[in-house]
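Open the model in your viewer and keep the sequence panel beside it. We will go stop by stop.

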Amino acid sequence: MGNFVRQLWAYRNFLVAFLTPLLLLPLPLTVNTSEAKCGFVVILMALYWCTECVPLAVTSLLPLILFPMMGIMKSEQVCLQYTGDAHILGTGGLIVAIAVEYWNLHKRLALSIVVLLGVKPMLLMVGFMSITAFLSMWISTVASTALMLPIVHSVLEHLRESEFEAEEHELQKKRDSQALHITETKHSTEDTVEEQNPEGCFSTEQRRLKHNQKYQTLSKGMSLCVCYSASIGGTATLTGSISNLILKGQMEKLFPGNGDVINYTSWFIFSFPNMVLMLAVSWLWLQFMYIGFNVKKTFSCRKVSPSERKVYAVMKSEYRKLGRMNFAECCVLVLFLLLVLLWFTREPGFSTGWASLLFNQEKIFVTDTTVSIFVCLLFFIIPSKIECSCWRSGSLDISGRRKWKAPPTLLHWELVQRKLPWNIMLLLGGAFALARGCEVSGLSLWLGKTLESLKNIPPVALSFLLCFVIAMLTEICNNAVISTVLLPVLASMASAVGLHPLYILLPTTISASLAFMLPVATPPNAITFSYANLKIIEMVKPGFVLNLLGILCTNLAVHTWGTAIFNLKEIPPWANVTTTPTHSMFSATTP
């Protein structure tokens, strides 16, 4: 029996992949409507995504097969959902991230912040969280976590050894001074030499064990602060998290006349203060749990200990090994700053942007995607170095003639092809195709009407409840899956209960990134869980509280500056014009 169960478990992916569609097949066969057929596709993809019986990207291709076969959408209409504005925007952001990683700008930034802040545990935690969150705004959360964890453990290891050596040195000095007094009596000195050696060795081992336990706890706290701040940092920018990109894409599909309400600038103005608030609250909680929150000790300007000076010297030495910034690093930094500047000034909201002045007088031609691809193009044009002398630009061949060789560009396509996570493009396409199918079939409208009874719940309580449900679901399911399946439903629900769509969509989108409890919730959590040798309970205890704190911070942001930025108290005209189905959309499949 045991062998049979183990064999079934080994073949579980095959069983789920084959049995799930067979078990769900009665739904479209017995209820022959477009809504039921689309519901079949949604449930099938959700189960495939949750169980990962086939790769996530492969599951995202199912609408290309099922929607045309079930008469929900034409094949060419489904294919168009895989090449939208949000896809190319995400691709551009990822290419810029590859350039930053390839030329080691992220490592230079991390070490420079450590050198700037020092190595006090409290400042270290602030520094590590700030660096990781900032990096996650622009590069992937996986890359920022993988970069920071070795630096964190290296700093703590040096600090642990240096502090123990300093403590032992101080203790030895005290013993030597006591021994001088004892030597006045020969009899007493002989007794103590014979009796104190074993006791001294035992106490040294005890002290080392206690010291190691202290730094083991500190190491866990520092490791968790890295993965948590990576997830928090990704919420600050539109390209920082796949959930944010899905929201932008859904807004374009569901509310085509929204006037580009969600763009890089508006999202940053709303989400960046919220990210800072969540980071501060997370730091206070982790500081309390793993370091202790003694106000006098934490914020006092005490003298730096010898062990901290020694570790600081090691980190400074590591930073110096990077050398001065070369031409390529300077170019990547300038292009990165240019990208951010163009994104923020395209449509800043408080004044007319350069895009409106130059290109968008009649309608929106230039978007954030245009800017990102323009900067990406420059990475493939600008050389990675410039030789000062023409004599050093080439080499001599056998015949003595100069052989010229041009320097490589900042990025080459082989590198991008190898590093770019193409699966994200398919995930985004699957998300938008599924959302469009729900709209065309009328499933989103039907679900929104069934949830209309929720209008009796106060909006504040409804927002908090939805955020909590999504944050808990994200712990066991990919945040892209949660956003894909639920955002269209929540948009329809908001219209049904008479709320601004962004009042519901903004907090729930951010909540999809607040997965702090389980290692399977996000890749940063999984990396940290393995790297720091954590137990499940050691991640659940701080993570559950951080989930609640993150939901509170997000709802505070929505009900204060979010309301002012997006005018959430009034329902805009575009919110009443969604791509709802007409009779012709599903009349062919309705009996």
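Is Asp-260 buried or exposed? Select Asp-260 and see: its relative accessible area is 15%, so it is buried. Keep in mind throughout that this is a predicted model. Asp-260 sits in the loop between helix H13 (242–254) and H14. Now check its backbone. Phi of Asp-260 is near 55 degrees, a positive value in a residue that is not glycine. Most residues other than glycine have a negative phi.

**Whole chain**

Zoom out. The chain has 591 residues, and 48% of them count as buried. Its secondary structure comes to 28 helices and two strands. Take the contacts between residues at least 6 apart in sequence: 79% of these join residues at least 24 apart.

Next, select Asn-104. Look in the loop between helix H8 (85–102) and helix H9 (105–117). Asn-104 is also not glycine, and its phi is positive, near 60 degrees. Its relative accessibility is 35%, so Asn-104 counts as partly exposed.

**Two packed helices**

Two packed helices are described by the angle between their axes and the distance between the axes. Select helix H10 (residues 121–138) and helix H14 (residues 264–290). Their axes come within 11 Å and cross at roughly 155 degrees. Angles over 145 degrees count as roughly antiparallel, and H10 and H14 are therefore roughly antiparallel to each other. Their crossing is right-handed.

Show the side chains at this contact. From H10, pick Met-122, Met-125, Val-126, Met-129, Ala-133, Met-137 and Trp-138. From H14, pick Tyr-264, Phe-268, Phe-272, Met-275, Leu-279, Ser-282, Trp-283, Leu-286 and Gln-287. What kinds of residue make the contact of H10 with H14? They divide into 14 nonpolar, two polar and no charged.

**Cysteines**

Last stop: the cysteines. How many disulfides are there? With a disulfide taken as two cysteine sulfur atoms within 2.5 Å, the count comes to zero. Cys-331 is buried, with a relative accessible area of 13%. Then jump to Cys-467. Its relative accessible area is 0%, so Cys-467 is buried.

Notes: Residues numbered from 1 in each chain as written. Predicted model: local features only at pLDDT ≥ 70, side-chain atom pairs only at ≥ 80, totals over all residues. Heavy atoms only, no water. Buried < 20%, exposed > 50% of the residue type's maximum accessible area, 1.4 Å probe, protein only. Axes fitted to C-alpha atoms, helices over the stretch in contact; angles between N-to-C directions. Helix = DSSP H or I, 4+ residues; strand = E, 2+ residues; numbered from the N terminus. Parallel < 35°, antiparallel > 145°, perpendicular 65-115°, else oblique. Left-handed = near helix turned anticlockwise from the far one by under 90°. Contact = heavy atoms within 4.5 Å. Nonpolar A, V, L, I, M, F, W, Y, C, P; charged D, E, K, R; others polar.
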